Structures are given as structure tokens and as C-alpha cells.
Amino acid sequence: MKYYAGLDVSQQTTSICIVDEEGKTVAERKVASCPEAISEALEPSAVARAGLETGPLSVWLWNGLKERGVPIVCMDARHANAALKMMPAKTDRNDAIGLAQIVRTGWCKSVHVKSTASHEGSGNPCHS
């Protein structure tokens with residue numbers, strides 16, 4: 001059976017929801033917002049795909065999760081938000097559930113994420 005994960009990322013914690021290929025929730029957890037903690041939380045389920053929205057931590061998390069072998073996609077936050085508006089209440093938990101369903105169905109617009117080195121390099125006024 002395939003499993004899919006939605007990651008609702010905030011500065012301190014990430015809410016994770018894992019669903020099976022039929023959309024049934026099989027696990028939910030909240031972990032620190034770092035690649036190590038997230039990949040450890042996903043490992044027992046061997047997810048086929050995990051997804052997070054674009055945001056302040058997305059480049060760092062996406063690259064860190066990719067390095068750890070997590071099949072991760074980064075979704076355009078505006079498109080994901082349009083689907084998440086259908087949820088009854090806006091909470092981190094509900095957003096993670098909604099993101100997991102979006103990832104499962106493939107009903108999302110994936111965005112290109114630059115490498116960490118590329119992101120930190122040229123064009124950044126802090127690295128002049």
C-alpha cells in the first residue's frame with residue numbers, strides 16, 4: 001500500500017498527516033521543523049510522496065528532506081491554500097490533512113526549488 005504525507009510547516013513545529021492510497025488517515029504527529037525530525041517521523045510509513053507549501057523554510061526543508069531520500073514535492077502556497085479553504089476550520093492539523101489529500105491525488109502545482117547553495121548565492125543582498 002502507498003502512503004502520502006502532508007506537512008504543515010511553521011517556524012517551530014511541523015504538523016504531519018499520513019494517509020493511505022484510499023485517503024484514510026493512518027498517522028498524525030507534530031515534530032520540530034527540521035529535516036531530521038520530519039524524515040524520522042515519515043520513515044516508518046515509507047511514504048510514496050510528501051508535500052509542503054512554499055514558505056520561509058521550504059527551501060531548507062525541501063533540500064534537507066531530499067538529501068535524506070524523502071520523495072518530497074513543494075506546492076505553490078496560493079494553489080494549495082485555495083483547496084485548503086474548503087476545510088471546516090483552519091488549524092495546523094487540518095491543513096496537514098488537506099495537504100496529504102492534495103499530495104495523494106496529485107491535484108497540486110509543484111514548484112521548482114533551488115539548491116541551498118544556489119539559493120544562498122547570487123542575487124541575495126546579504127551575500128555581497
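Me: How many salt bridges does the count come to?
Reply: The model is predicted, and its local features need pLDDT of at least 70, side-chain atom pairs count only at pLDDT 80 or more, and totals for chains, interfaces and linings use all residues. Residues are numbered from 1 along each chain as its sequence is written, and side-chain values use heavy atoms, without hydrogens and water. A salt bridge is a side-chain nitrogen of Lys or Arg within 4 Å of a carboxyl oxygen of Asp or Glu. By this rule the count is three.

Me: How many residues apart in sequence are the parts that E28 and R93 tie together?
Reply: The side chains of E28 and R93 form a salt bridge, with N to O at 2.8 Å. E28 belongs to strand 3 (residues 25-32) and R93 to helix 4, so the parts they tie together are separated in sequence by 65 residues. Helices (H or I, at least four residues) and strands (E, at least two) are DSSP runs, numbered from the N terminus. The separation is thus 65 residues.

Me: Which strand does D92 of helix 4 tie to, through K30?
Reply: D92 and K30 meet through their side chains in a salt bridge, 4.0 Å from N to O. The two residues tie together parts 62 residues apart in sequence, because D92 is in helix 4 and K30 is in strand 3.

Me: Is K30 buried or exposed?
Reply: Buried means under 20% relative accessible area, exposed over 50%, and partly exposed in between (1.4 Å probe, protein chains only). D92 has 32% relative accessibility and counts as partly exposed. K30 has a relative accessible area of 53%, so K30 is exposed.

Me: In which loop does R68, the partner of E36, lie?
Reply: E36 and R68 form a salt bridge whose closest N and O atoms are 2.8 Å apart. The two lie 32 residues apart, with E36 in helix 1 (residues 35-42) and R68 in the loop between helix 2 (58-67) and strand 5 (72-75).

Me: With which side chain does the side chain of S33 make a polar contact?
Reply: S33 is in the loop between strand 3 and helix 1, and at 9% relative accessibility S33 counts as buried. A polar contact is a pair of N or O atoms within 3.5 Å; within protein, one must be able to donate a hydrogen and the other to accept it, and residues adjacent in sequence count only if both atoms are side-chain atoms. At 2.8 Å, the partner of S33 is T14.

Me: Which residues does P35 touch, not counting residues up to four places away in sequence?
Reply: P35 lies in helix 1 and, at 3% relative accessibility, counts as buried. Contact means heavy atoms within 4.5 Å. With residues up to four places away in sequence not counted, P35 touches W60, L61, G64, L65 and R68.

Me: What is the volume of the largest pocket?
Reply: On a 1 Å grid over the protein atoms alone, a cavity is a set of points where a 1.4 Å probe fits but cannot get out, and a pocket is an open set with protein on both sides within 12 Å along at least five of seven lines; lining residues have an atom within 4 Å of a point. Grid points are joined across faces, edges and corners, and a volume is the space filled by probe spheres set on the points. For the largest pocket this volume is about 200 Å³.
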